[in-house]
Amino acid sequence: ARFWITHNIIDFVNDNGITIVSTQEATTTEEVFVTDNIIRNMVLTGIYFGSDGQALTTNMTTRKIVVARNIISGDWGGSCIQFTGSTTSQDIQINDNMCILEGMTRTPQVGISITRQDISVTAAENVTVARNTLVRRNAATYAVADMNISSAGAGFTDLHILDNMMPDATI
């Protein structure tokens, strides 16, 4: 089954703007399209997807996820976009999004974050992060980096980081 979250305006959110996760073992999240949304003034993260937690989400699969053409702005304390890869992660696209960090009341961690679970045993396959723009307007610098790609687990194969624009960035 396909799942679309598209053309929404989400403002003044107490946690994440959009969250797509499973907290159950042996589940599959696939064919999810998060496109053309406007998310403003969230407390933590604009778009969060993948696995939620570590030990509770073994044998999870996340595949065929598209996060594209979203505009995310505000003074967040987490990330603009966060993907936490599950045990099996395939065909993930984070493309053509605009992240605008504004204000200095929170300590933002990262612009776009791609991480893997500590328990992942297979490499994430075909992950693309392309043509995203990360801008800071009168804002603090990120505590970690503008873009963070990390894995304590099995890592990545076919990871493509292409044509992203991050003025004054740390990666």
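This is a predicted model: local features need pLDDT of at least 70, side-chain atom pairs count only at pLDDT 80 or more; totals for chains, interfaces and linings use all residues.

**Strand pairing and aromatic pairs**

I started with β5 and β8: strand β5 (residues 38–42) runs parallel to strand β8 (residues 71–74), and three bridges join them. Looking up one of the partners, I found Ile38 bridged to Ile71 in β8.

β5 and β8 belong to an open sheet of five strands, ordered β2-β5-β8-β11-β14, with parallel pairing. At the edges I have β2 (9–13) and β14 (133–137), each of which pairs on one side only. From one strand to the next, the twist averages 10 degrees.

Then the rings. How many aromatic pairs does a search of the whole structure find? I got two.

Trp4 and Phe33 make a stacked pair, with 5.7 Å centre to centre and 20 degrees between the planes. I checked where they sit: Trp4 is in strand β1 (residues 3–6) and Phe33 in strand β4 (residues 28–35), so I am looking at a link between distant parts of the chain, 29 residues apart. Is Trp4 buried or exposed? Its relative accessible area is 52%, so I wrote it down as exposed.

Phe49 and Phe83 are also stacked, at 4.8 Å centre to centre with 25 degrees between the planes. Phe49 lies in strand β6 (residues 47–51) and Phe83 in strand β9 (residues 79–85), so this pair ties together parts 34 residues apart in sequence.

How values were computed
Residues are numbered from 1 along each chain as its sequence is written. Side-chain values use heavy atoms; hydrogens and water are left out. Two strands pair if DSSP finds at least two bridges between them. Helices (H or I, at least four residues) and strands (E, at least two) are DSSP runs, numbered from the N terminus. Axes are lines fitted to C-alpha atoms, for helices over the stretch in contact, and angles run from 0 to 180 degrees between N-to-C directions. Rings of Phe, Tyr and Trp (its six-membered ring) pair if their centres lie within 6.5 Å; planes under 30 degrees apart count as stacked, over 60 as edge-to-face and the rest as tilted. Buried means under 20% relative accessible area, exposed over 50%, partly exposed in between (1.4 Å probe, protein chains only).
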